[in-house]
Amino acid sequence: MFRFRITLLLFIPLLFSACSDSPGGETSMVEPVPFTSVKVTDNFWADRLESNRTSTIPIAIEQSEITGRIKNFEVAAGMAQGEFCSEAPFDDSDVFKIIEGASYSLQTYPDPELEALLDSLIMKIGAAQEEDGYLYTYRTIMGDDSHPWIGSDRWELTHILSHELYNLGHMYEAAVAHYRATGKRTFLDIAIKSANLVDRDFGWGKIENYPGHQEIETGLVKLYRVTGDEKYLDLARFFLDVRGPGGEEYSQSHKKVVDQREAVGHSVRAAYMYTGMADVAALTGDDDYIKAIGEIWKDIVHRKIYVTGGIGAAGGNEGFAEPYNLPNLTAYCETCASIANVFWNQRMFLHHGESKYYDVLERTLYNALLSGVSLSGDLFFYPNVLESTGNHSRQKWFGCACCPSNISRFIPSLPGYVYARTDNDIFVNLYLSNSAKINLPGNNVELVQETDYPYDGDVKITVNPEKPGKFSIRLRVPGWAEGTAIPGQLYTFSDTQEGEISLKVNGKPERIKKDNGYVILNRKWKTGDNISLSMPMEVRTVIADERVEADRGRFAVQRGPLVYAAEWADNDGEVLNLVFSPGEEMSLEERPGMLHGTVVIKTKAQPAVKRLDSSIETGEKRDVVLIPYHLWNNRGPGEMMVWLPEQPEAAMATPAPTIAYRSKVSGSKMNRSLSTIKDQYEPENSIDKTRSYFHWWPETNKWVWLQYAFEKPETVSKSGVYWFDDWPHGGCRIPDEWELLYRSGNSWIPVDLNSEYTVSKDQWNTVEFEPVKTDALRLRVKLSKDFSSGVHEWVVE
């Protein structure tokens, strides 16, 4: 394994800025201050930047070698023998993202060894590229029709799952990054050769088709910015305009993009498309694009976003569900979707100059996005649930590795999201300790920001212009600091804020005048001037719109931008059975030695316990600790929840001591979800995903089993099963048949039935049999030929 030390600073999106190397006349006036101009000195972000440098990026490279992603280029180039080495046709994109990230690192931290590695990778990519510019290692190695996704010819299934254009979008982004960092044209020329082929093949009157997974649009815009060749901008717009109608909601091709008003389908595809529309609109002034994504933004923020800022509620389509359908235990909230949501909201801000977009960006950044990576930087979540029974844990890598590679390129790019500017304005959008060099026409300004945000709301900014001059500094006032949980009414604070925002300039109180959510300080600034902004960072309780069924009778806890959660490690191993009161005192406690240093919230709650008669009682109050949501699962898997029940009926009460609950459960498939078959939760129907369930997916067409080993021999005569069936949204259906056996010595004997076995969905399947005294009962299940199955609950009497 190639070993090196790198600090990765990458992917500041060249969004709406009038960059010196941008060939066109962008229509937007606000541009981001590049990350290379911002040096982060912040305690909160230092660990995350360091773990990304020392763990995340090296792991991405190592895994791309282990899994054969890099070797695929060698085989396609004829430099090695073999077949396609990794799992999916889109695996080329991970190598491109590594090059993109490492290139940005070289821009700030020259590293000859790393640069040589990139040169080697780029040489292999160039050798794998076919003579006319086509680059797609799966087809080159395996041939046409070698995978159900790729089709019998180039581009044939690009609108479905081939990912040919998706891969190229990441390559174009990486090639531009490498060129900017090194000045070398090696990779850029490969990208241009590829893009020229795409332009030759696609367009009005040529192949009129669109990418099934959006991404190439952004890559083409970047190629246009660096080359000045308008055909790349035109091609990006073509790929947007050619979408729909008549396609699938899953890929946002069901309507023309300008006619879309609701967020549907795969959430990453969607947010990448909205980002691409904003990019193209910035260069062309297309108001129809802006109108469409503006309405879609409202649809998401007012009806479809999680309190953590995550998007995508459903695992079946990895994306958006119906309005207000926001389950917690099965929330999808893909890490890539959170990153894409940040990309898109920054672009919306740059176009409109309104703070509400950064309110959403900040909520996503500090909660759903950061949850996607461990503090050590070497473990990753793909989905980010808001509740867990203990069957969730971050993984070292995934077969589909988009989330780790996206994390690796986003985290170091954070400095590029702190500030923005116009000709006479500096926007302070995020609060973290840093020093920044910001170029205004006729003046260079240094800003030095000092704060312990997000754990403290006091911010000090020292202004050091190169020469005295008049300009405006615009300070974002986060919505949470003024009593707004999120734009719209999907989430609201249920309590009253006591403190007020205060602002001083050079020690003198300043009247707060706001425009689009920003305090405007327009004056003549000189070296040493300082700004003090104090925002009340109180513990707040949040409630959801009543239409969010999963959150009824519950509240969430927020302090500043951080959403908090109860986790097993601080609370005697269990939290799902707790009942809270929003009026209970909540106090703060700094814990510098815990989870790299954090601030916890201390309160009290009562455990809920089921009785054998199915009633629920609550015990005495006990101390409870809440931690910032993004920190959960850094101490191992276990129970966690964000939305705290106010009533015993809303809690997952400790089950009654039935025969099943007291038994040891095992099965032909062993995993953490086995215990859910005896949690005594009564599902609403077979597809109910509000609580955990057990399934055998992807197993089919075989006998499988579950088993209860009793604490002591028991006489049993009745048993019931509630099947899990998520068809047509998933791969589980009710089984073909089932049977019960009891253990007698070393033998398993079928029970003597008094009623027939039934196999029905959305109801209990109960069977009575002659009483038997045994120490174990086994449930055998015959899976159907084409589908797997699962179990919500298995009871024994």
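Reader: Which residues lie nearest the centre of the largest cavity, and how many residues line it?

Author: Before that, a caution: this is a predicted model, where local features need pLDDT of at least 70, side-chain atom pairs count only at pLDDT 80 or more, and totals for chains, interfaces and linings use all residues. Residues are numbered from 1 along each chain as its sequence is written, and side-chain values use heavy atoms, with hydrogens and water left out. The largest cavity is lined by 14 residues, and those nearest its centre are Arg 48, Leu 370, Val 373, Ser 374 and Leu 375. A cavity here is a set of points, on a 1 Å grid over the protein atoms alone, where a 1.4 Å probe fits but cannot get out, and lining residues have an atom within 4 Å of a point.

Reader: What volume does the largest cavity have, and which helix gives the most to its lining?

Author: Its volume is about 110 Å³, taken as the space filled by probe spheres set on the points, with grid points joined across faces, edges and corners. Helix α1 (residues 43-66) gives the most to the lining, with four residues; helices are DSSP runs (H or I, at least four residues) numbered from the N terminus.

Reader: Changing topic, how do α8 and α9 pack, parallel or antiparallel?

Author: Helix α9 (residues 230-241) packs with α8 at an angle of about 165°, their axes 7 Å apart, where axes are lines fitted to C-alpha atoms over the stretch in contact and angles run from 0 to 180 degrees between N-to-C directions. The two are therefore roughly antiparallel, a label for angles over 145, while those under 35 count as roughly parallel, 65 to 115 as roughly perpendicular and the rest as oblique.

Reader: And which residues of α8 meet α9?

Author: From α8 they are Ile 216, Glu 217, Leu 220, Val 221, Leu 223, Tyr 224 and Thr 227, with contact meaning heavy atoms within 4.5 Å.

Reader: What about α6 and α8?

Author: Helix α6 (residues 164-182) and helix α8 (residues 216-227) pack at about 30°, with axes 7 Å apart, and they are therefore roughly parallel to each other.

Reader: At what angle do α8 and α10 pack?

Author: Helix α10 (residues 267-284) packs with α8 at an angle of about 30°, and their axes are 8 Å apart. That makes α8 roughly parallel to α10. On the α8 side the contact includes Glu 217 and Tyr 224, and on the α10 side Asp 279 and Leu 283 are among the residues involved.

Definitions and conventions. 1 Å grid on protein atoms, 1.4 Å probe; cavity = no way out; pocket = protein on both sides within 12 Å on 5 of 7 lines; lining within 4 Å.
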